[in-house]
Amino acid sequence: MRKKGLKVIILTASYGNGHLQVANSLYQECLNRGLTDVKICNLYAESHPFISEVTEKLYSKSFTYGKQFYKLFYYGTDIIQNKKMLRWYYQYGLKRLTSLIQSEAPDILINTFPINAVPEFRRRTGIVIPTFNIITDYCLHSLWLHDEIDKYYVASNELKAKIHSRGVPVSKVVVSGIPIRPAFSQSYDKQALYEKYHISPEKDLILLIAGAHGVLKNIKDVCETLLLSTDHQLAVVCGKNLSLRNELAQLYNSYSGRFHCFGYLERIDELYKLANVMITKPGGITLTEATATGTPLILYKPVPGQEKENALFFSEKGAALIAKNQEELVLRIDTLLKSKQKQSSLQSSIRKLNLPASQEVIMTDIFKESEKIAKIKYSSQRKKLGS
C-alpha cells in the first residue's frame, strides 16, 4: 500500500472536546509522516446539522442539570446494544458517509467516536475499506463494538480484556494509549514557567480545570472555599467560558497573589507541570494528559457514565482521589498537600498508566494492518477474476 499517496478520513463528533482532540492528534501525525490527503470529518454535524447542534447542547447540559437522564441513556444504550435493538443508530449519518466515500475514495477510515455508520457501510455494501476505532475513555461502551471494525486501540490492558470478553479476538485490540499533544511529554524549565505565569514557587499550587463547557458547577463558591480554608495558591482555567472568567475576576482583589485565572491556554500542559494537585472532571483526554505530566489528581463529582467509570478506574489504580462534595474536596486537598508521601504515591501510580507517543503507535499499526487488508482484498479479487 502506498504511504504518502494514502487517503485517510478521520471521523469524529463534537460531544465534548476529547474526540476532536484525538482526531487532531492523529491528523497531525499523518502530516508528520508526509501524508497530504487527510481529512477530519464531523460526520453527524455534516449530515444532520440541526439535530447535531441540539443534541450537543443537551449533552453539555446533561453533566449539570440532567445527570439522571444521562445515566439512563449511557447505561441503557450499553445494555440495549447487546440485544441489537439500536439498528437506527447504525443508520445515523450513513447517507452522508456513503456520499463522502464515493467522492473521496479513502484508503483508511478512522473513528474517534463510536460512529457505527462506518462499519455498517461495509456490512451493507461489501466494500472493504480498512476501518479502525480509537476508544477515547478508560471504560467500554458497547456502541464502540461492531463486527466490521478491523482493529481497536485502547488505553489499558483491562479495557483490552473487556473487549475480548465481548467476543472480539485479542489480535484485534492494541493497547496503545490515548493520543494527546506531544507538548505534555516535553521537558521544561520549571523556574521559567513560574515566572511566565506569575506563580510563586514558595506556595503549593492547586489547579482547577473548569471544563470545556463549564460543566464543573459552582466554581466561584469552590474557589472561595479553597482560598478561605487554605493558604495555597489557586489557578483556574476557564477555557472559552468568558462569563465564568468575568464572574471570577472579583477574586483578584480579595486574594491578590494567590488567585490566578486564565481563559483558553494553548500550552495548558505548562500549568499541569506546575500544579501540586489538579481538580478536574475525569474526561479521558484530561486523565491521559495528567499521566504524562504526573500531576496528582482529585476527580470532582464524577457524573454517572464514562466519567464515573474513568474515575473508578483511576481510583482503583491508586492514580487519583475522588471528591463527591466541597467538604470532601477541601479534606482531600488538605490531606494530600500535607503528605509528600501521598503526593509521591499518586504521582508514581498515575505515571504507570502513561503510554507515550500513542499517535505514533496507532498510525504505525494502522498502516501495517491496512496493507494486510489490501493484500487480502487484492488476492480475493484475483481469485474471482481467475474463476
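A cavity here is a set of points, on a 1 Å grid over the protein atoms alone, where a 1.4 Å probe fits but cannot get out, and its lining residues have an atom within 4 Å of a point. Keep that handy for the second stop. The model is predicted, so local features need pLDDT of at least 70 and side-chain atom pairs count only at 80 or more, while totals for chains, interfaces and linings use all residues. Numbering runs from 1 along each chain as its sequence is written, and side-chain values use heavy atoms, with hydrogens and water left out.

**Whole chain.** Start with a cartoon view: you have 18 helices and 12 strands (DSSP runs numbered from the N terminus, H or I of at least four residues for helices, E of at least two for strands). Colour by burial next, and 54% of the 387 residues come up buried (under 20% relative accessible area; exposed is over 50%, partly exposed in between, with a 1.4 Å probe and protein chains only). For contacts (heavy atoms within 4.5 Å), take pairs at least 6 apart in sequence: 68% of them join residues at least 24 apart.

**The cavity.** Select Tyr138, Ala155, Gly177, Ile178, Thr288, Thr291, Leu353, Asn354, Leu355 and Ser358, which line the largest cavity. Its volume is about 40 Å³, meaning the space filled by probe spheres set on the points, with grid points joined across faces, edges and corners. The structure holds one cavity of 30 Å³ or more. The lining splits into five nonpolar, five polar and no charged residues (Ala, Val, Leu, Ile, Met, Phe, Trp, Tyr, Cys and Pro are nonpolar; Asp, Glu, Lys and Arg charged; the others, Gly among them, polar).

**Tyr194.** Now jump to helix α9, residues 190–196, and pick Tyr194. Its relative accessible area is 12%, so Tyr194 counts as buried. Show its neighbours: leaving out residues up to four places away in sequence, Tyr194 touches Ile199, Ser200, Pro201 and Leu274. Leu274 is 80 residues away in sequence, yet the C-alpha to C-alpha distance to Tyr194 is 7.5 Å.

**Two positive phi values.** Slide along to His198, in the loop between α9 and β7 (205–209). Phi of His198 is near 60 degrees, positive in a non-glycine residue, and at 68% relative accessibility His198 is exposed. Last stop: Lys301, in the loop between β11 (297–300) and α15 (306–316). Phi of Lys301 is near 50 degrees, again positive without being glycine, and at 29% relative accessibility Lys301 is partly exposed.

Note on methods
1 Å grid on protein atoms, 1.4 Å probe; cavity = no way out; pocket = protein on both sides within 12 Å on 5 of 7 lines; lining within 4 Å.
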